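Biologist: I would like to learn how to read a model like this one, feature by feature. Where do we begin?

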Number of protein chains: 2
Amino acid sequence: MRAWAIVTLMLAMISCASPSRAEDGYELWLRYHPLPPAQVTLYNHQATELIAGAATSTQDVTRSELQRGLSGLLGHTVSLSDHITHDGAIVVGTPGSSALIGSLHLNTQNLGSDGYLIRSVMVNGHAATAIVAQTDVGALYGAFHFLRLLQTAQPIEHLDLRETPRLKLRVLDHWDYLNGQVERGYAGASIWDWWKLPDWRAPRYTDYARANASIGINGTVLNNVNAGAIILTPAYLQKVAALADVFRPYGIRVYLSIRFSAPIEIGGLKTADPLDPQVQAWWHAKADEIYKLIPDFGGFLVKANSEGQPGPEDYHRTHADGANMLADALAPHGGVVMWRAFVYSQKNPEDRAKQAYDEFKPLDGRFHANVLVQVKNGPIDFQPREPFHPLFGAMPKTPLMMEFEITKEYLGFATHLVYLGPLFEEVLSADTMARGNGSTVAKVIDGSLEGHPLTGMAGDANIGTDRNWCGSDFNQANWYVFGRLAWNPMQSSRSIAEDWVRMTFTNDQAFVKPVVDMMMGSREATVDYMTPLGLVHLMGPGHHYGPAPWDASESEADWRPVYYHRADHQGIGFDRTSTGSDAVAQYAPALAAQFNDVKQTPEQYLLYFHHVPWDYRMRSGQTLWHELVAHYTQGVEDVKQMQETWQHLDGHIDAERYRQVAAFLAVQEKEAQWWRDACIAYFQSISGLPLPPGYAPPQRSLTYYESLKFQYVPGFSSW
Amino acid sequence: MRAWAIVTLMLAMISCASPSRAEDGYELWLRYHPLPPAQVTLYNHQATELIAGAATSTQDVTRSELQRGLSGLLGHTVSLSDHITHDGAIVVGTPGSSALIGSLHLNTQNLGSDGYLIRSVMVNGHAATAIVAQTDVGALYGAFHFLRLLQTAQPIEHLDLRETPRLKLRVLDHWDYLNGQVERGYAGASIWDWWKLPDWRAPRYTDYARANASIGINGTVLNNVNAGAIILTPAYLQKVAALADVFRPYGIRVYLSIRFSAPIEIGGLKTADPLDPQVQAWWHAKADEIYKLIPDFGGFLVKANSEGQPGPEDYHRTHADGANMLADALAPHGGVVMWRAFVYSQKNPEDRAKQAYDEFKPLDGRFHANVLVQVKNGPIDFQPREPFHPLFGAMPKTPLMMEFEITKEYLGFATHLVYLGPLFEEVLSADTMARGNGSTVAKVIDGSLEGHPLTGMAGDANIGTDRNWCGSDFNQANWYVFGRLAWNPMQSSRSIAEDWVRMTFTNDQAFVKPVVDMMMGSREATVDYMTPLGLVHLMGPGHHYGPAPWDASESEADWRPVYYHRADHQGIGFDRTSTGSDAVAQYAPALAAQFNDVKQTPEQYLLYFHHVPWDYRMRSGQTLWHELVAHYTQGVEDVKQMQETWQHLDGHIDAERYRQVAAFLAVQEKEAQWWRDACIAYFQSISGLPLPPGYAPPQRSLTYYESLKFQYVPGFSSW
């Protein structure tokens, strides 16, 4: 026996040592590696056997995930059983599918389709843990939660957890083109191998579904909002259906971005006018065709009349006309339309920040019941910091869906370590004051403020073919926090970061604490070295890489940084007060008054709302110019501090991931310095002011920074 | 002890069971998984300790690879030692770097820079295995060879092996664009993450180098032959240098494809005329700049005056003028120019098959000593079968470098199982008769026929970001066989296939034999279902996917299938005899006479050289039409047989790779049927003949096949 054990041990060990066994980040936060022995000993008493059905595909994957997770974490296979024979059983299921669970008479009322209970119970004198839901998917979510407790080293003896999601649609938007390119993707190409679908269903699709289900994501829009009609052709719908088949057991529905003019392009019609009966019939027939292949198809995401996309306004119809026409085609099947409010027109001389509100606010109440209007978190475009979008709170009769950008288009691409949790949390906790104090954005989108049953949050995915999915290990945290906040937008981004660090790296507190601190500070650091004090949109043209506050090369005025910062010899900032563009008036009166007053405006939004003299005295007593330089400098210092923190953590985790993070932090420091120096050099050329004492001058000349040109920038659509 | 062992065993086992531990093909043939216990017992006596230096980076990686391989295969770490203390030591190194090896007085004369010995020796009364070379890289090659012996379960007690490569340059050509696209790539995007270089050196680069070194590949051209000048700018040269640093320990040099007009585009000159002194000076300075960064830089690959690329003919200079100008810039540093002979012009009304010969043959003897002319295996373009290129044997004063296409542009992309070994072997063993019988292509390119010291073989890589590198597991065999044949073009492709199967899958003879048989037959099957009896170039326009013998949509006559097959009511085939284009005259007289005579021409080349009546009697006694249908049908039957073979092998290997191969074989069957049916339907529409009795008619109408259009085809440059 001993010899056998040693031989097998050695065999097992080397098979682990072979080349592909590197810590390459593929496992994400579902990293079921062995817990420390003390932890295993504790948990073993609560994981002696598993009672889990496999009558449906969702039950099957739930059982498999528990077996996989428990055997990984605890180091032994937890045996399956039909009934409880020992203390420490884990029972998972629904009252409807398991007599044992039915006999527990737990209160599953109001758990809805996705909620679950995790309860320590006694069954026939045996201590057990029950993971109970009204639906199979609810039980799957509960199973992932239970595994998370073990992964994060939480006690599991006396559990009494009840979880229901606050949002109904928790959706990833993939900006993937059918040629494999991902717009604003920094993690390789599209993970959808359209060419080999439907014949080949890559194992990665299943791992994608597992990761999403583990954080409650229940929908995925497979293709870019700049959609081609071809996705709606029979050959592609077969491919979509194959993916839907893979995702279905995990409670994930597929959605498609559609091209509004598809009835012309693939339908042979002469128009796509939403009020044309032939157009309506075409979409009805198309919906029927889709649902025949994919009975649980989620619906359509639409970018219309924005950035060159066709839409109802081409026929002098409103966004509501367009959305409702599609919604009516989907309604018989239970599908929804997610209609984007990200519209603006260069023909419109109005402040771009105001245009979406101007266009959509009047349509409030005109959308059919299965339409959500999808609003970006801020009025510009996913900047490191913007005030919340004024549509939140302004369309009480319409379900508004939040759109966050998970991919870091404006926050350093793949390499910068920027945890977006604080950005998301800042927006969600912002008070719209639409119904008085406490009318947070979170309450707008979870429907509680106005009583909407249809609710949702979308995240523009940061997923690609890179082995680690997201281009860097820390970018995985942004996918993770998005999912967790979509489930419950009231959560703290710090606690989510902590869960993620524990699951992804280690429970070693000497690692967890400094890394969570570093993550929590990382977004503010990025704001500081890129766009402090309410500045926005200073990045390079088109590709959005690096600083270019001087740039005026873009064809359209409102794609140019100079449009946004408006720096001149006197001062800097965009006057959106009542004497300026009056964008402040799009907010609730109390907020509008606050933002209208330079003294009351939070300094983090100062230059977003005000054009301010360079010598304006900030609350610190320093001039605006001094404070601007100080913020830029602080951003660089913060990145250096992050590097130092990381260097002290060498040895706490595997060398592979340690090294990549270290290499990327070095890139971030280099680029933070570049942002600081280029922006200071440029703004100094405008202000004509000397640097405040003690601040280093830019390392190179403004001419040098202006001369930098970049080709083959990832994520930019000019492949 | 026992409890500890069991616990550790379990921990080790589950860490292997975790999600990323799938058999995903990443390890390629360097799959150092535990050998069966009986094999381990045998080998343990010959692997008791390892004596290997680590004074240079190449010695370091050699030692690491042996440790990794031996511990993986044998299940225990083989201890390092300074001197031999037991029987069974493995000693690796050079006489110059190891006194122990020096004391063995082995005959290392004539091993050259890359050769090695593997010898069972006695040292101070102890049996040992010595892996000995004149250089560190030679020892690395020997180490990989030794590991291969274990991987393929060969005896290692009485070794007396001596290996030297027959070719000097063994090079992969990557057709990778700097935007990440791979022309004719079917395995994902480019593995070069140019954006993150030089800051981030992905671990994959090292595994790429290991795989190449293991089969003797010693050069890599990083970028597409349709090159942009930007690769020669300082920022990109830094990135190239970073890759060169990773590859250097493995004996791999980097080369670059250059754009002939770069002196204009990035040099600010008005001309790229190779005889212009300023142009010459620019290239000299550029070479100096490159070698300062990369002292062992390999040289340039050039596609000039072909398919729109600039070249010396733009200035009324010859290919030799252009090549020599670059060669002179590289010569002081030891670099070479690989100048492609794949040139043709649509302005030239001559048979395209003749144009490269017409252009290059007169230049024989005009190239400088560090120029190789790189010739594709056949005169058309990497078709499933072509006769060998008539330049082989026709330029005795010029080193000709073979160019094979490893990526399956014309042989079913990623999914079709086609082992290219027989194709390569068929070309290499073809007799040019240039100096009488036995003047094989292999002897032309290995320099032995004409005494050239500079020799080489290039393979257009099939490598991409797909986890399995090559788009399918079996495509890895094509990379492998290319490398092994580049080392020694006289080898049997069957024996190489057997090594590959054993290293990649298993030594289980019940698996090895049928799989090698299947591989060896796979190329002929593909010829049969695509282009039997000497047909070529029948594929879809541009993207090269699927059959389109009818296609005349391409802008240029010689890109159209109808140009090649010339089918009409009387017959089919391209008359290249003396009464036709007289391409036969480009071969040596005896061969020309053979190919000129329809009765003597091997039937596998029949329609390549002759326009033949449909009722022509083949050697079988059947008509040409009958035989054509029979070949097409046989190709489909062969694929069905491959599927059946594979089905019987379920359980012999891991489920992951088994399933993917099975899924891809299903695609191959579907597409083989499509090729057969579409081609028969089309040729029948021309011949007007009924199908021979017993053959099923095409499943769909010719109109249907002609109607098929494809978008987003992988590997096609219109992203």
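Modeller: Begin with the division into domains, whose bounds come from an automatic or database domain assignment. Chain A is split into domain 1 (28–163), domain 2 (169–496) and domain 3 (528–574 + 611–707). Residues are numbered from 1 along each chain as its sequence is written, chains are lettered from A and ligands numbered from 1 in the order in which they are written, and side-chain values use heavy atoms, with hydrogens and water left out. This is a predicted model, in which local features need pLDDT of at least 70 and side-chain atom pairs count only at pLDDT 80 or more, while totals for chains, interfaces and linings use all residues.

Biologist: How many residues does each side bring to the contact between domain 1 and domain 2 of chain A?

Modeller: Contact means heavy atoms within 4.5 Å. The centres of domain 1 and domain 2 of chain A, taken over C-alpha atoms, are 33 Å apart. Domain 1 of chain A brings 17 residues to the contact and domain 2 of chain A brings 21 residues.

Biologist: What area is buried between domain 1 and domain 2 of chain A?

Modeller: Buried area is the accessible area (1.4 Å probe) that two parts lose on being put together, summed over both. Between domain 1 and domain 2 of chain A it is about 1,600 Å², with 60% given by carbon and sulfur atoms. Of the area that domain 1 of chain A buries against domain 2 of chain A, 41% is supplied by Leu28(A), Trp29(A) and Tyr141(A), more than by any other three residues.

Biologist: Which features does the UniProt record place on chain A?

Modeller: UniProt positions are given in the numbering used here, feature names are shortened, and annotations may be inferred rather than shown by experiment. An unreviewed UniProt entry lists "domain: Alpha glucuronidase N-terminal" at residues 28–146 of chain A. Residues 28–146 of chain A are 36% helix and 23% strand, with 17 Å between the end C-alpha atoms. The unreviewed entry also lists "domain: Glycosyl hydrolase family 67 C-terminal" at residues 470–694 of chain A. That span, residues 470–694 of chain A, is 54% helix and 2% strand, and its end C-alpha atoms lie 39 Å apart.

Biologist: How do I read a helix, and is H14 of chain A enclosed or open?

Modeller: Helices (H or I, at least four residues) and strands (E, at least two) are DSSP runs, numbered from the N terminus. The expected span of a helix is 1.5 Å times one less than its number of residues. Helix H14 (residues 476–487) of chain A has 12 residues and spans 17 Å from first to last C-alpha, close to the 16 Å expected. For burial, under 20% relative accessible area is buried, over 50% is exposed, and partly exposed lies in between (1.4 Å probe, protein chains only). In H14(A), 12 of the 12 residues are buried, so the helix is largely enclosed by the rest of the structure. Among them are Trp479(A), Arg484(A) and Trp487(A).

Helix H21 (residues 655–687) of chain A has 33 residues and reaches 47 Å, close to the expected 48 Å. After H21(A) comes Gly688(A), with a positive phi near 70 degrees.

Biologist: Which residues touch the most other members of the largest nonpolar core?

Modeller: A nonpolar core is a set of buried Ala, Val, Leu, Ile, Met, Phe, Trp, Tyr and Cys residues joined through side-chain atoms within 4.5 Å. The largest has 232 residues, and Phe247(B), Trp283(B), Trp479(B), Trp646(B) and Phe683(B) touch the most other members. Helix H21 (residues 655–687) of chain B gives the most to this core, 12 residues. Apart from it lies another core of 231 residues, including Phe482(A) and Trp500(A).

Biologist: What stands out in the backbone, and are His105(A) and Leu533(A) buried or exposed?

Modeller: Both have a positive phi without being glycine: about 50 degrees for His105(A) and about 60 degrees for Leu533(A). His105(A) sits in the loop between helix H4 (99–104) and strand S4 (116–123) of chain A and is exposed, at 70% relative accessible area. Leu533(A), in the loop between helix H16 (509–530) and helix H17 (561–565) of chain A, is buried at 5%. A cis peptide bond also joins Leu197(A) and Pro198(A), with omega about -5 degrees.
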